[in-house]
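Here is a friendly tour of the cores and pockets of one protein. Please take a look at the sequence and structure before reading on.

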Amino acid sequence: MSIRVRFAPSPTGYLHVGGARTALFNWLLARKSGGTFILRIEDTDEARNTEAAMNAIFEGLSWLGIDWDEGPQKGGDYGPYFQSQRRSIYDAYFKKLEEAGRVYFEANGAARFKFSREAITIPDVVCGDIRFAPTEEPDMTIRRPDGGYIFHFVNVVDDIEMGMTHVIRGEDHISNTWKHIDLFRALGHTPPRYGHIPLLLNPNGSKMSKRDDGASIDSYIQAGFLPQAVFNYLCLLGWTPKLEGETFSAQQAVELFDISDVHHSNARFDMTKCTWVNQQHLRLLDDADLVAYARPWLEKAGITPGSDDAYIAHTLNSVKEKVSLASEFPSWVHFFFTEDFAFEDEVMTKLKANAQAPKLLAALQSGLQATTDWSEAGLGDAVTKVAASEGVKAGALMPLLRFSLSGQTRGPDVKVMMVVLGQERSIARLGRAAALLA
RNA sequence: GACCCCUUCGUCUAGCGGUUAGGACACAUCCCUUUCACGGAUGCGACACGAGUUCGAUUCUCGUAGGGGUCGCCA
(Lines give C-alpha, C1' and ligand atoms only; values in the text may rest on other atoms or scores of the structure.)
Protein backbone atom coordinates (compact mmCIF):
# COMPACT_ATOMS: atom_id res chain seq x y z
CA MET A 1 0.00 0.00 0.00
CA SER A 2 1.26 3.41 -0.93
CA ILE A 3 2.25 5.65 1.93
CA ARG A 4 0.04 8.65 2.65
CA VAL A 5 1.25 11.26 5.11
CA ARG A 6 0.21 14.79 5.93
CA PHE A 7 1.23 18.05 7.50
CA ALA A 8 -1.70 19.56 9.38
CA PRO A 9 -0.91 23.03 10.70
CA SER A 10 -3.39 25.46 12.11
CA PRO A 11 -3.14 28.99 10.72
CA THR A 12 -2.85 30.84 13.98
CA GLY A 13 0.57 32.45 13.75
CA TYR A 14 3.49 32.19 11.41
CA LEU A 15 5.01 28.98 10.08
CA HIS A 16 7.07 27.76 13.01
CA VAL A 17 10.45 26.23 12.33
CA GLY A 18 9.45 23.15 14.32
CA GLY A 19 6.33 22.76 12.23
CA ALA A 20 8.34 23.17 9.08
CA ARG A 21 10.65 20.40 10.17
CA THR A 22 7.67 18.14 10.88
CA ALA A 23 6.44 18.89 7.37
CA LEU A 24 9.92 18.17 6.09
CA PHE A 25 10.13 14.69 7.59
CA ASN A 26 6.67 13.81 6.35
CA TRP A 27 7.62 15.07 2.92
CA LEU A 28 10.86 13.07 2.94
CA LEU A 29 8.99 9.91 3.88
CA ALA A 30 6.49 10.46 1.08
CA ARG A 31 9.06 11.32 -1.54
CA LYS A 32 11.36 8.51 -0.55
CA SER A 33 8.60 5.92 -0.81
CA GLY A 34 6.82 7.33 -3.81
CA GLY A 35 3.87 8.07 -1.55
CA THR A 36 1.59 11.05 -1.20
CA PHE A 37 2.14 14.17 0.91
CA ILE A 38 -0.99 16.01 1.92
CA LEU A 39 -1.42 19.51 3.34
CA ARG A 40 -4.45 19.89 5.53
CA ILE A 41 -5.37 23.15 7.21
CA GLU A 42 -6.73 22.66 10.72
CA ASP A 43 -8.71 25.85 11.00
CA THR A 44 -11.37 24.80 13.46
CA ASP A 45 -10.59 27.59 15.88
CA GLU A 46 -12.14 30.44 13.96
CA ALA A 47 -11.25 33.07 16.50
CA ARG A 48 -7.55 32.46 16.13
CA ASN A 49 -7.23 31.85 12.42
CA THR A 50 -5.82 34.54 10.16
CA GLU A 51 -5.38 34.93 6.45
CA ALA A 52 -1.79 36.03 6.97
CA ALA A 53 -0.97 32.89 8.91
CA MET A 54 -2.47 30.80 6.13
CA ASN A 55 -0.27 32.50 3.55
CA ALA A 56 2.77 32.13 5.76
CA ILE A 57 2.22 28.37 5.69
CA PHE A 58 1.89 28.22 1.91
CA GLU A 59 4.78 30.56 1.29
CA GLY A 60 7.05 29.03 3.88
CA LEU A 61 6.58 25.49 2.63
CA SER A 62 6.94 26.54 -0.98
CA TRP A 63 10.07 28.50 -0.19
CA LEU A 64 11.61 25.45 1.42
CA GLY A 65 10.76 23.37 -1.62
CA ILE A 66 8.23 21.26 0.24
CA ASP A 67 5.46 20.70 -2.28
CA TRP A 68 2.22 18.92 -1.49
CA ASP A 69 0.34 16.49 -3.70
CA GLU A 70 -3.07 17.15 -2.23
CA GLY A 71 -4.36 20.16 -0.37
CA PRO A 72 -5.10 23.85 -0.77
CA GLN A 73 -4.26 25.18 -4.26
CA LYS A 74 -3.84 21.59 -5.40
CA GLY A 75 -7.08 19.83 -4.77
CA GLY A 76 -7.28 16.05 -4.55
CA ASP A 77 -9.76 13.25 -4.11
CA TYR A 78 -10.08 13.61 -0.36
CA GLY A 79 -10.98 17.28 -0.05
CA PRO A 80 -11.90 19.75 1.06
CA TYR A 81 -8.57 20.21 2.79
CA PHE A 82 -9.74 22.89 5.18
CA GLN A 83 -11.33 21.55 8.31
CA SER A 84 -13.64 24.54 8.42
CA GLN A 85 -15.30 23.10 5.28
CA ARG A 86 -15.68 19.54 6.54
CA ARG A 87 -18.45 20.08 9.04
CA SER A 88 -20.87 17.50 7.59
CA ILE A 89 -18.19 14.80 7.65
CA TYR A 90 -17.53 15.43 11.32
CA ASP A 91 -21.25 15.36 12.06
CA ALA A 92 -21.53 11.95 10.42
CA TYR A 93 -18.62 10.54 12.40
CA PHE A 94 -19.92 12.09 15.57
CA LYS A 95 -23.21 10.32 15.02
CA LYS A 96 -21.38 7.07 14.45
CA LEU A 97 -19.57 7.51 17.72
CA GLU A 98 -22.84 8.28 19.47
CA GLU A 99 -24.38 5.13 18.05
CA ALA A 100 -21.44 3.18 19.37
CA GLY A 101 -22.36 4.45 22.81
CA ARG A 102 -19.11 6.33 23.25
CA VAL A 103 -20.46 9.86 23.61
CA TYR A 104 -22.18 11.64 26.45
CA PHE A 105 -23.10 15.25 27.09
CA GLU A 106 -22.34 17.70 29.84
CA ALA A 107 -25.07 19.90 31.26
CA ASN A 108 -23.88 22.81 29.11
CA GLY A 109 -24.00 20.77 25.92
CA ALA A 110 -20.32 19.89 25.54
CA ALA A 111 -19.83 16.33 24.27
CA ARG A 112 -17.30 13.94 25.72
CA PHE A 113 -15.73 10.81 24.31
CA LYS A 114 -15.88 7.90 26.71
CA PHE A 115 -12.40 6.36 26.89
CA SER A 116 -12.15 2.60 26.63
CA ARG A 117 -9.86 2.61 29.65
CA GLU A 118 -7.88 -0.28 28.30
CA ALA A 119 -4.11 -0.50 28.03
CA ILE A 120 -3.04 1.02 24.71
CA THR A 121 0.24 0.57 22.85
CA ILE A 122 1.40 3.09 20.30
CA PRO A 123 3.32 1.44 17.47
CA ASP A 124 5.92 4.10 16.83
CA VAL A 125 8.28 3.88 13.85
CA VAL A 126 10.73 6.27 15.51
CA CYS A 127 10.62 5.41 19.21
CA GLY A 128 9.42 1.83 19.11
CA ASP A 129 6.31 0.65 20.97
CA ILE A 130 5.11 2.98 23.70
CA ARG A 131 2.79 1.46 26.26
CA PHE A 132 0.15 3.27 28.26
CA ALA A 133 -1.67 1.69 31.18
CA PRO A 134 -5.47 2.13 31.37
CA THR A 135 -6.00 5.83 31.89
CA GLU A 136 -7.46 7.64 34.85
CA GLU A 137 -7.79 10.90 32.99
CA PRO A 138 -11.28 12.36 32.62
CA ASP A 139 -12.98 11.59 29.31
CA MET A 140 -12.03 14.09 26.67
CA THR A 141 -14.24 16.76 25.21
CA ILE A 142 -14.67 16.40 21.48
CA ARG A 143 -17.35 18.97 20.78
CA ARG A 144 -17.97 22.36 22.32
CA PRO A 145 -21.36 23.58 23.49
CA ASP A 146 -21.46 25.78 20.36
CA GLY A 147 -21.13 22.68 18.20
CA GLY A 148 -17.52 23.25 17.18
CA TYR A 149 -15.40 20.11 17.15
CA ILE A 150 -12.17 19.76 19.07
CA PHE A 151 -8.77 19.02 17.54
CA HIS A 152 -8.50 15.41 18.72
CA PHE A 153 -11.72 14.44 17.05
CA VAL A 154 -11.36 16.18 13.70
CA ASN A 155 -7.74 15.17 13.49
CA VAL A 156 -8.66 11.50 13.79
CA VAL A 157 -11.68 11.74 11.50
CA ASP A 158 -9.64 13.39 8.80
CA ASP A 159 -6.83 10.89 9.12
CA ILE A 160 -9.43 8.16 8.57
CA GLU A 161 -11.17 9.96 5.73
CA MET A 162 -7.98 10.93 3.99
CA GLY A 163 -6.53 7.46 4.26
CA MET A 164 -3.40 8.33 6.19
CA THR A 165 -1.05 5.38 6.59
CA HIS A 166 1.48 7.19 8.79
CA VAL A 167 1.30 10.11 11.17
CA ILE A 168 4.66 11.76 11.67
CA ARG A 169 4.42 14.55 14.21
CA GLY A 170 6.18 16.18 17.13
CA GLU A 171 6.98 14.30 20.27
CA ASP A 172 4.72 16.69 22.17
CA HIS A 173 1.83 14.62 20.82
CA ILE A 174 2.90 11.30 22.29
CA SER A 175 0.77 11.76 25.37
CA ASN A 176 -2.28 12.42 23.20
CA THR A 177 -1.77 9.62 20.76
CA TRP A 178 -3.34 6.86 22.83
CA LYS A 179 -6.51 8.97 22.89
CA HIS A 180 -6.43 9.13 19.13
CA ILE A 181 -5.95 5.37 18.90
CA ASP A 182 -8.88 4.93 21.22
CA LEU A 183 -10.96 7.09 18.88
CA PHE A 184 -9.87 5.21 15.78
CA ARG A 185 -10.98 1.95 17.33
CA ALA A 186 -14.24 3.37 18.63
CA LEU A 187 -14.97 4.46 15.05
CA GLY A 188 -14.15 0.99 13.79
CA HIS A 189 -10.84 1.81 12.13
CA THR A 190 -7.27 0.63 12.47
CA PRO A 191 -4.97 3.44 13.54
CA PRO A 192 -2.10 4.50 11.25
CA ARG A 193 1.54 3.93 12.07
CA TYR A 194 2.87 6.75 14.20
CA GLY A 195 6.28 8.35 14.27
CA HIS A 196 7.04 10.92 16.93
CA ILE A 197 9.98 13.12 16.11
CA PRO A 198 12.00 14.97 18.74
CA LEU A 199 11.35 18.60 19.53
CA LEU A 200 13.34 21.62 18.52
CA LEU A 201 14.73 23.48 21.51
CA ASN A 202 16.14 26.98 21.71
CA PRO A 203 19.78 27.43 22.78
CA ASN A 204 18.65 27.51 26.41
CA GLY A 205 17.18 24.05 26.12
CA SER A 206 13.52 24.93 26.33
CA LYS A 207 10.90 24.69 23.62
CA MET A 208 11.37 27.14 20.76
CA SER A 209 9.05 30.05 21.29
CA LYS A 210 7.99 33.03 19.25
CA ARG A 211 10.68 35.23 20.68
CA ASP A 212 13.51 32.90 19.84
CA ASP A 213 15.87 33.76 17.03
CA GLY A 214 14.84 31.81 13.95
CA ALA A 215 11.49 30.65 15.26
CA SER A 216 9.59 31.61 12.15
CA ILE A 217 10.43 30.47 8.63
CA ASP A 218 9.81 33.99 7.44
CA SER A 219 12.74 35.20 9.52
CA TYR A 220 15.09 33.09 7.38
CA ILE A 221 13.68 34.57 4.23
CA GLN A 222 14.14 38.04 5.68
CA ALA A 223 17.67 37.30 6.85
CA GLY A 224 18.86 36.21 3.43
CA PHE A 225 19.12 32.46 3.88
CA LEU A 226 19.00 30.06 0.98
CA PRO A 227 16.02 27.71 1.22
CA GLN A 228 18.16 24.68 0.44
CA ALA A 229 20.43 25.60 3.36
CA VAL A 230 17.58 25.90 5.84
CA PHE A 231 16.18 22.64 4.50
CA ASN A 232 19.59 21.05 5.03
CA TYR A 233 20.03 22.37 8.56
CA LEU A 234 16.51 21.42 9.63
CA CYS A 235 17.20 17.87 8.46
CA LEU A 236 20.33 17.79 10.57
CA LEU A 237 18.35 18.54 13.72
CA GLY A 238 16.75 15.16 14.12
CA TRP A 239 18.36 13.05 11.45
CA THR A 240 21.86 12.28 10.23
CA PRO A 241 22.16 11.04 6.66
CA LYS A 242 24.79 8.39 6.05
CA LEU A 243 26.97 10.69 4.06
CA GLU A 244 30.44 12.24 4.10
CA GLY A 245 30.06 15.79 5.32
CA GLU A 246 26.98 17.63 6.44
CA THR A 247 25.86 19.53 3.39
CA PHE A 248 23.46 17.89 1.01
CA SER A 249 20.66 18.65 -1.38
CA ALA A 250 16.98 17.88 -0.97
CA GLN A 251 17.37 15.19 -3.58
CA GLN A 252 20.14 13.51 -1.63
CA ALA A 253 18.05 13.75 1.52
CA VAL A 254 15.19 12.00 -0.23
CA GLU A 255 17.47 9.23 -1.43
CA LEU A 256 19.05 8.66 1.97
CA PHE A 257 16.04 9.21 4.21
CA ASP A 258 14.81 6.46 6.49
CA ILE A 259 12.21 7.32 9.11
CA SER A 260 13.60 4.72 11.48
CA ASP A 261 16.90 6.64 11.53
CA VAL A 262 15.27 9.72 13.01
CA HIS A 263 16.72 10.61 16.40
CA HIS A 264 14.92 10.14 19.69
CA SER A 265 16.22 13.11 21.62
CA ASN A 266 15.44 16.79 21.34
CA ALA A 267 17.95 19.10 19.67
CA ARG A 268 18.91 22.68 20.38
CA PHE A 269 18.84 25.16 17.59
CA ASP A 270 22.17 26.81 16.72
CA MET A 271 21.93 29.84 14.45
CA THR A 272 25.69 29.95 14.01
CA LYS A 273 25.77 26.51 12.50
CA CYS A 274 22.71 27.22 10.42
CA THR A 275 24.56 30.21 9.01
CA TRP A 276 27.59 28.04 8.31
CA VAL A 277 25.42 25.61 6.38
CA ASN A 278 24.15 28.54 4.35
CA GLN A 279 27.71 29.57 3.55
CA GLN A 280 28.40 26.06 2.29
CA HIS A 281 25.40 26.16 -0.02
CA LEU A 282 26.20 29.67 -1.16
CA ARG A 283 29.51 28.44 -2.51
CA LEU A 284 27.75 25.83 -4.59
CA LEU A 285 25.74 28.44 -6.51
CA ASP A 286 26.53 28.96 -10.18
CA ASP A 287 26.63 32.47 -11.67
CA ALA A 288 23.00 32.58 -12.70
CA ASP A 289 21.73 31.38 -9.31
CA LEU A 290 24.15 33.63 -7.49
CA VAL A 291 22.90 36.72 -9.31
CA ALA A 292 19.28 35.71 -8.80
CA TYR A 293 19.93 35.12 -5.11
CA ALA A 294 21.76 38.38 -4.47
CA ARG A 295 19.95 40.81 -6.77
CA PRO A 296 16.91 41.45 -4.54
CA TRP A 297 19.23 42.16 -1.65
CA LEU A 298 21.29 44.62 -3.64
CA GLU A 299 18.14 46.41 -4.73
CA LYS A 300 16.73 46.44 -1.23
CA ALA A 301 19.92 48.16 -0.09
CA GLY A 302 19.43 50.90 -2.64
CA ILE A 303 21.96 49.60 -5.12
CA THR A 304 21.12 49.69 -8.82
CA PRO A 305 22.79 46.55 -10.11
CA GLY A 306 21.70 47.11 -13.70
CA SER A 307 21.11 44.44 -16.29
CA ASP A 308 24.64 43.27 -17.00
CA ASP A 309 24.42 39.89 -15.31
CA ALA A 310 27.97 38.96 -16.27
CA TYR A 311 29.29 42.05 -14.50
CA ILE A 312 27.09 41.43 -11.46
CA ALA A 313 28.33 37.85 -11.33
CA HIS A 314 31.92 39.13 -11.40
CA THR A 315 31.32 41.40 -8.45
CA LEU A 316 29.53 38.69 -6.47
CA ASN A 317 32.15 36.08 -7.21
CA SER A 318 34.79 38.41 -5.82
CA VAL A 319 33.21 37.98 -2.38
CA LYS A 320 31.37 34.70 -2.79
CA GLU A 321 33.62 32.90 -0.35
CA LYS A 322 33.68 35.70 2.17
CA VAL A 323 29.98 36.01 2.93
CA SER A 324 27.49 33.69 4.57
CA LEU A 325 24.13 35.30 3.87
CA ALA A 326 22.63 37.21 0.96
CA SER A 327 21.98 40.13 3.24
CA GLU A 328 25.74 40.63 3.53
CA PHE A 329 26.30 41.19 -0.18
CA PRO A 330 25.42 44.89 -0.35
CA SER A 331 28.04 45.97 2.15
CA TRP A 332 30.68 43.96 0.33
CA VAL A 333 30.01 45.00 -3.26
CA HIS A 334 28.09 48.29 -3.30
CA PHE A 335 31.11 50.29 -4.56
CA PHE A 336 31.14 48.28 -7.77
CA PHE A 337 27.89 49.91 -8.80
CA THR A 338 28.59 53.62 -8.31
CA GLU A 339 31.52 55.98 -8.60
CA ASP A 340 30.05 58.07 -5.83
CA PHE A 341 30.54 55.65 -2.96
CA ALA A 342 31.25 56.87 0.55
CA PHE A 343 34.55 56.45 2.34
CA GLU A 344 34.42 54.84 5.76
CA ASP A 345 35.62 57.05 8.60
CA GLU A 346 38.35 54.58 9.40
CA VAL A 347 39.56 54.73 5.80
CA MET A 348 39.76 58.52 5.82
CA THR A 349 41.58 58.48 9.12
CA LYS A 350 44.14 56.05 7.83
CA LEU A 351 44.61 57.87 4.55
CA LYS A 352 45.11 61.22 6.30
CA ALA A 353 47.52 59.68 8.76
CA ASN A 354 49.71 58.51 5.92
CA ALA A 355 51.88 61.48 4.93
CA GLN A 356 53.09 59.66 1.85
CA ALA A 357 49.60 58.83 0.60
CA PRO A 358 49.26 61.66 -1.98
CA LYS A 359 52.66 60.92 -3.46
CA LEU A 360 52.08 57.15 -3.59
CA LEU A 361 48.61 57.53 -5.06
CA ALA A 362 50.04 59.69 -7.81
CA ALA A 363 52.73 57.12 -8.49
CA LEU A 364 50.16 54.34 -8.60
CA GLN A 365 48.03 56.30 -11.03
CA SER A 366 50.80 56.73 -13.49
CA GLY A 367 52.09 53.22 -12.95
CA LEU A 368 48.69 51.70 -13.61
CA GLN A 369 48.16 54.03 -16.55
CA ALA A 370 51.22 52.47 -18.14
CA THR A 371 50.08 48.93 -17.49
CA THR A 372 49.18 47.01 -20.60
CA ASP A 373 48.38 43.68 -18.98
CA TRP A 374 45.24 44.38 -16.90
CA SER A 375 45.07 40.96 -15.29
CA GLU A 376 45.71 39.84 -11.74
CA ALA A 377 49.24 38.80 -12.68
CA GLY A 378 49.93 41.96 -14.66
CA LEU A 379 48.60 44.13 -11.87
CA GLY A 380 50.75 42.33 -9.35
CA ASP A 381 53.78 43.17 -11.42
CA ALA A 382 52.67 46.77 -11.84
CA VAL A 383 52.27 47.27 -8.11
CA THR A 384 55.64 45.71 -7.41
CA LYS A 385 57.22 48.05 -9.94
CA VAL A 386 55.66 51.15 -8.39
CA ALA A 387 56.73 50.02 -4.96
CA ALA A 388 60.31 49.59 -6.11
CA SER A 389 60.51 53.01 -7.72
CA GLU A 390 58.99 54.66 -4.67
CA GLY A 391 61.20 52.80 -2.27
CA VAL A 392 58.34 51.24 -0.28
CA LYS A 393 57.16 47.71 0.24
CA ALA A 394 54.40 46.51 -2.06
CA GLY A 395 52.44 45.60 1.05
CA ALA A 396 52.27 49.30 1.89
CA LEU A 397 50.53 50.08 -1.37
CA MET A 398 47.80 47.48 -1.10
CA PRO A 399 45.78 49.22 1.62
CA LEU A 400 45.99 52.50 -0.28
CA LEU A 401 44.59 50.79 -3.34
CA ARG A 402 41.90 49.06 -1.34
CA PHE A 403 40.82 52.28 0.33
CA SER A 404 40.75 54.24 -2.91
CA LEU A 405 38.96 51.62 -4.94
CA SER A 406 36.29 50.72 -2.42
CA GLY A 407 36.28 53.27 0.38
CA GLN A 408 36.41 50.31 2.76
CA THR A 409 38.93 48.54 4.93
CA ARG A 410 37.44 45.18 4.06
CA GLY A 411 36.41 43.76 0.71
CA PRO A 412 37.42 41.65 -2.26
CA ASP A 413 41.01 40.98 -3.20
CA VAL A 414 42.61 44.22 -4.45
CA LYS A 415 43.73 42.86 -7.79
CA VAL A 416 40.38 41.21 -8.38
CA MET A 417 38.70 44.53 -7.64
CA MET A 418 40.82 46.25 -10.26
CA VAL A 419 40.14 43.57 -12.82
CA VAL A 420 36.39 43.81 -12.23
CA LEU A 421 36.42 47.62 -12.32
CA GLY A 422 38.70 47.88 -15.33
CA GLN A 423 41.61 50.21 -15.96
CA GLU A 424 39.80 53.46 -16.52
CA ARG A 425 37.53 53.30 -13.49
CA SER A 426 40.30 52.06 -11.22
CA ILE A 427 42.60 54.93 -12.09
CA ALA A 428 39.79 57.44 -11.80
CA ARG A 429 39.11 56.19 -8.28
CA LEU A 430 42.73 56.71 -7.31
CA GLY A 431 42.35 60.24 -8.56
CA ARG A 432 39.24 60.75 -6.52
CA ALA A 433 40.95 59.55 -3.36
CA ALA A 434 43.91 61.84 -4.05
CA ALA A 435 41.53 64.76 -4.49
CA LEU A 436 39.89 63.99 -1.17
CA LEU A 437 43.26 64.29 0.52
CA ALA A 438 44.26 67.51 -1.18
C1' G B 1 1.15 15.43 41.31
C1' A B 2 0.31 11.36 37.48
C1' C B 3 1.90 9.47 32.93
C1' C B 4 5.22 9.51 28.59
C1' C B 5 9.88 10.60 25.89
C1' C B 6 15.06 11.55 26.32
C1' U B 7 20.50 11.55 28.39
C1' U B 8 28.21 10.77 24.20
C1' C B 9 32.74 17.08 23.92
C1' G B 10 29.65 24.10 25.10
C1' U B 11 26.15 22.77 20.61
C1' C B 12 24.68 19.09 16.53
C1' U B 13 26.14 14.13 16.30
C1' A B 14 28.99 8.91 14.80
C1' G B 15 28.89 4.53 17.65
C1' C B 16 24.27 -0.60 17.28
C1' G B 17 29.67 -5.74 23.50
C1' G B 18 36.23 -5.33 22.63
C1' U B 19 37.59 1.80 19.15
C1' U B 20 43.88 5.67 21.26
C1' A B 21 35.32 7.03 21.76
C1' G B 22 35.30 9.57 15.25
C1' G B 23 33.30 14.05 12.69
C1' A B 24 30.94 19.07 12.27
C1' C B 25 29.92 24.12 14.46
C1' A B 26 32.11 27.28 18.08
C1' C B 27 36.68 28.53 20.62
C1' A B 28 42.38 28.82 20.90
C1' U B 29 47.17 28.62 18.57
C1' C B 30 50.09 28.23 14.28
C1' C B 31 50.66 28.29 8.86
C1' C B 32 49.31 30.47 4.13
C1' U B 33 48.36 35.43 2.44
C1' U B 34 52.61 42.09 -1.15
C1' U B 35 45.81 43.84 0.75
C1' C B 36 40.84 41.63 2.47
C1' A B 37 39.00 37.23 3.21
C1' C B 38 38.91 32.14 2.36
C1' G B 39 41.67 28.00 3.32
C1' G B 40 45.04 24.43 5.89
C1' A B 41 47.16 22.28 10.44
C1' U B 42 47.08 21.46 15.50
C1' G B 43 44.83 21.92 20.12
C1' C B 44 40.73 22.21 23.65
C1' G B 45 36.73 19.13 24.81
C1' A B 46 32.09 13.95 26.17
C1' C B 47 30.01 8.42 27.30
C1' A B 48 24.92 11.89 33.99
C1' C B 49 25.32 8.53 38.41
C1' G B 50 24.72 3.62 40.81
C1' A B 51 23.92 -1.47 40.51
C1' G B 52 23.34 -5.90 37.46
C1' U B 53 24.31 -9.27 32.98
C1' U B 54 29.08 -10.51 30.65
C1' C B 55 35.71 -12.70 30.05
C1' G B 56 34.62 -7.57 28.63
C1' A B 57 30.13 -2.33 28.89
C1' U B 58 29.38 4.18 25.86
C1' U B 59 26.64 0.04 23.79
C1' C B 60 22.02 -4.74 27.09
C1' U B 61 18.68 -4.62 31.98
C1' C B 62 17.04 -2.14 36.40
C1' G B 63 17.21 1.98 39.59
C1' U B 64 18.45 7.22 40.71
C1' A B 65 19.21 12.03 39.08
C1' G B 66 18.62 15.67 35.35
C1' G B 67 16.21 17.68 30.90
C1' G B 68 11.80 17.81 27.89
C1' G B 69 6.62 16.84 27.03
C1' U B 70 1.32 15.77 28.07
C1' C B 71 -2.72 15.79 31.37
C1' G B 72 -7.88 22.46 27.72
C1' C B 73 -14.82 23.32 25.94
C1' C B 74 -6.14 25.41 21.98
C1' A B 75 -4.09 23.02 17.90
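## Pockets

On a 1 Å grid over the protein atoms alone, a pocket is an open set of points where a 1.4 Å probe fits, with protein on both sides within 12 Å along at least five of seven lines, and its lining residues have an atom within 4 Å of a point. Grid points are joined across faces, edges and corners, and a volume is the space filled by probe spheres set on the points. This is a predicted model, in which local features need pLDDT of at least 70 and side-chain atom pairs count only at 80 or more, while totals for chains, interfaces and linings use all residues. Residues are numbered from 1 along each chain as its sequence is written, and side-chain values use heavy atoms, without hydrogens or water.

The second largest pocket holds about 220 Å³ of space. Its lining has 13 residues, and nearest its centre are Thr44, Glu46, Arg87, Gly148 and Tyr149.

The largest pocket has a volume of about 1100 Å³. It is lined by 38 residues, with Pro9, Ser10, Gly19, Asp172 and His173 closest to its centre. Helix 1 gives the most to this lining, four residues.

## Nonpolar cores

A nonpolar core is a set of buried Ala, Val, Leu, Ile, Met, Phe, Trp, Tyr and Cys residues joined through side-chain atoms within 4.5 Å; buried means under 20% relative accessible area (1.4 Å probe, protein chains only). The largest core has 109 residues, and Leu28 and Phe329 have the most contacts inside it. Apart from it lies another core of 29 residues, including Phe94 and Ile142.

Notes:
Chains are lettered from A and ligands numbered from 1 in the order in which they are written. Buried means under 20% relative accessible area, exposed over 50%, partly exposed in between (1.4 Å probe, protein chains only). Helices (H or I, at least four residues) and strands (E, at least two) are DSSP runs, numbered from the N terminus.
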